[in-house]
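Work through the exercises below with the sequence and the 3D structure open. Try each task before reading its solution.

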Amino acid sequence: MSTQQTKSIALGVAVALLSLTSIDIAVAASKFGVGAPKLHRSTIIQTREIQAAATGDGPATEKDCKKYEAGINSWGQAEVDATEAGDERGARNAKRYTEGLINEATDNGCFIIY
């Protein structure tokens with residue numbers, strides 16, 4: 001095979017590959033088990049700031065409620081960060097910890113302002 005024939009074949013393969021659309025590539029890839037679903041991040045995620053204060057009806061002082069507030073906001077931000085990174089497991093864990101701290105704070109006499 002001459003150099004000219006090799007160049008012609010290579011050019012033909014390149015043109016054929018470039019003429020494929022993204023749909024053609026996705027279909028071809030899925031036939032070979034490559035087409036894994038992708039996470040689409042089109043949702044806008046907004047961070048919220050939660051405030052906590054003592055009701056006077058429980059053992060928690062204002063200082064205790066501020067500690068809960070800091071923990072709740074920290075885990076809330078961790079949930080947002082994990083969601084934006086596509087870490088579903090991390091987001092679920094952070095949400096569970098956030099809800100746990102909110103429940104603990106209210107059980108100990110703090111009220112929560114969302």
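**Exercise 1.** Is glutamine 51 buried, partly exposed or exposed?

Solution. Some ground rules come before the steps. This is a predicted model, in which local features need pLDDT of at least 70 and side-chain atom pairs count only at pLDDT 80 or more, while totals for chains, interfaces and linings use all residues. Residues are numbered from 1 along each chain as its sequence is written, and side-chain values use heavy atoms, with hydrogens and water left out.

Step 1: take the cut-offs, which are under 20% relative accessible area for buried, over 50% for exposed, and in between for partly exposed (1.4 Å probe, protein chains only). Step 2: the relative accessible area of glutamine 51 is 41%, so glutamine 51 is partly exposed. Strands (E, at least two residues) and helices (H or I, at least four) are DSSP runs, numbered from the N terminus. Step 4: list the contacts, meaning heavy atoms within 4.5 Å. Glutamine 51 meets Glu69, Phe111, Ile112 and Ile113 when neighbours within four places in sequence are left aside. Step 5: asparagine 73 lies 22 residues from glutamine 51 in sequence, with 8.5 Å between their C-alpha atoms.

**Exercise 2.** Describe the order of elements in the protein chain.

Solution. Step 1: count the elements, which are 4 helices and 2 strands. Step 2: read from the N terminus, where the order is α-α-β-α-α-β. Step 3: turn to the chain totals. The protein chain has 114 residues, and 19% of them count as buried. Among contacts between residues at least 6 apart in sequence, 62% join residues at least 24 apart.

**Exercise 3.** In which sense do strands S1 and S2 pair, and over how many bridges?

Solution. Step 1: apply the rule that two strands pair if DSSP finds at least two bridges between them. Step 2: S1 (residues 51-54) and S2 form an antiparallel pair with 4 bridges. Step 4: sort the faces of S2 (residues 110-113). Cys110 and Ile112 are on the covered face, whereas Phe111 and Ile113 are on the uncovered one.

Step 2: continue past the strand to tyrosine 114, in the segment after S2. Its relative accessible area is 65%, so tyrosine 114 is exposed. Tyrosine 114 touches Glu49, Ile50 and Ile102, not counting residues up to four places away in sequence. Glutamate 49 is 65 residues from tyrosine 114 in sequence, yet their C-alpha atoms are 7.0 Å apart.

**Exercise 4.** Describe how helices H3 and H4 pack.

Solution. Two packed helices are described by the angle between their axes and the distance between the axes. Axes are lines fitted to C-alpha atoms, for helices over the stretch in contact, and angles run from 0 to 180 degrees between N-to-C directions. Step 2: for H3 (residues 62-84) and H4, the angle is about 160° and the axes are 8 Å apart. Step 3: classify the angle. H3 and H4 are therefore roughly antiparallel, a term for angles over 145 degrees.

Step 1: name the residues of the contact. H3 contributes residues including Tyr68, Gly71, Ile72 and Trp75, and H4 residues including Gly90, Ala91, Thr98 and Leu101.

**Exercise 5.** Is threonine 98 buried or exposed, and what does it touch?

Solution. Step 1: locate threonine 98 in helix H4 (residues 88-107). Step 2: its relative accessible area is 1%, so threonine 98 is buried. Step 3: beyond residues up to four places away in sequence, threonine 98 touches Arg48, Ile72, Trp75 and Gly76.

Step 1: compare two further helix residues. Arginine 96 lies in H4 and is partly exposed at 47% relative accessibility. Its C-alpha is 9.0 Å from that of tryptophan 75, 21 residues away in sequence. Alanine 78, in H3, is partly exposed at 29% relative accessibility.

Technical notes:
Angles under 35 degrees count as roughly parallel, over 145 as roughly antiparallel, 65 to 115 as roughly perpendicular and the rest as oblique.
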